[in-house]
Amino acid sequence: MTNADLWASWRLWLAVAVAIILVAASLLITIWLTARSIVTHALRALAAAESIRENTLSIWELQTTNEVASEMLDTVRAIEAKGGLLAAALDGHASTTGR
């Protein structure tokens, strides 16, 4: 192998190595830019999810409201029943005493 052949072979393999390095570098840069884009979109999605959570908190509080309203209804019914018994007892007492 002559010096000229050696230099030609060396230049060829150097060009192949440079091409491989350029392809690898471009792939790494593409991956890096894609990762940055994913992070940006993930942060936007997280902000949107937090906004949705804040806007729907009142829906979750409806369960508590319904429980309290049910307890109030039970209390009102108990008062109504006792008040009816009291009114009947007073009406019965008034009729036995002649008033």
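The following paragraphs describe the overall form of a predicted model and then some of its residues and side-chain contacts. Because the model is predicted, local features need a pLDDT of at least 70 and side-chain atom pairs count only at pLDDT 80 or more, whereas totals for chains, interfaces and linings use all residues. Residues are numbered from 1 along each chain as its sequence is written, and side-chain values use heavy atoms, with hydrogens and water left out.

The secondary structure of the chain consists of two helices and zero strands, where helices (H or I, at least four residues) and strands (E, at least two) are DSSP runs numbered from the N terminus. The radius of gyration, taken over C-alpha atoms, is 42 Å, well over the 13 Å that the globule rule (2.2 Å times the number of residues to the power 0.38) gives for 99 residues, so the chain is more spread out than a compact globule. Along the principal axes, the C-alpha atoms fill a box of roughly 140 × 20 × 5 Å. Of the 99 residues, 0% count as buried, a class defined by a relative accessible area under 20%, while exposed means over 50% and partly exposed lies in between (1.4 Å probe, protein chains only). The accessible surface of the chain, computed by the Shrake-Rupley method with a 1.4 Å probe and, for residues, with only the protein chains shown counting as cover, comes to about 8,900 Å², of which 71% belongs to carbon and sulfur atoms.

Aromatic contacts were considered next. Rings of Phe, Tyr and Trp (its six-membered ring) pair if their centres lie within 6.5 Å, and planes under 30 degrees apart count as stacked, over 60 as edge-to-face and the rest as tilted. By this rule there is one aromatic pair. The ring centres of W7 and W10 lie 5.4 Å apart and the planes stand at 80°, so this pair is edge-to-face. W7 and W10 are three residues apart in helix α1 (residues 3-55), and therefore about one helical turn separates them. W7 is partly exposed, with a relative accessible area of 47%, and L14, which also has its place in helix α1, is partly exposed at 41%. Together with V18 and L22, the residues W7, W10 and L14 form a nonpolar patch on the surface with about 540 Å² of accessible area; such patches are made of residues with over 30% relative accessible area and no salt bridge, like charges being joined within 9 Å and nonpolar side chains (Val, Leu, Ile, Met, Phe, Trp, Tyr) within 5 Å.

A search of the whole structure for salt bridges (a side-chain nitrogen of Lys or Arg within 4 Å of a carboxyl oxygen of Asp or Glu) finds one. This salt bridge joins the side chains of E50 and R53 at 2.7 Å, N to O, and both residues lie in helix α1, three residues apart, about one turn of the helix. E50 is partly exposed at 33% relative accessible area, and R53 is partly exposed at 42%.

Separations between C-alpha atoms complete the description. S51, found in helix α1 and partly exposed at 34% relative accessibility, is 21 residues from T30 in sequence and 32 Å from T30 in space. L28 lies in helix α1 and counts as exposed at 58%; L28 and V76 are 48 residues apart along the chain, with their C-alpha atoms separated by 71 Å.
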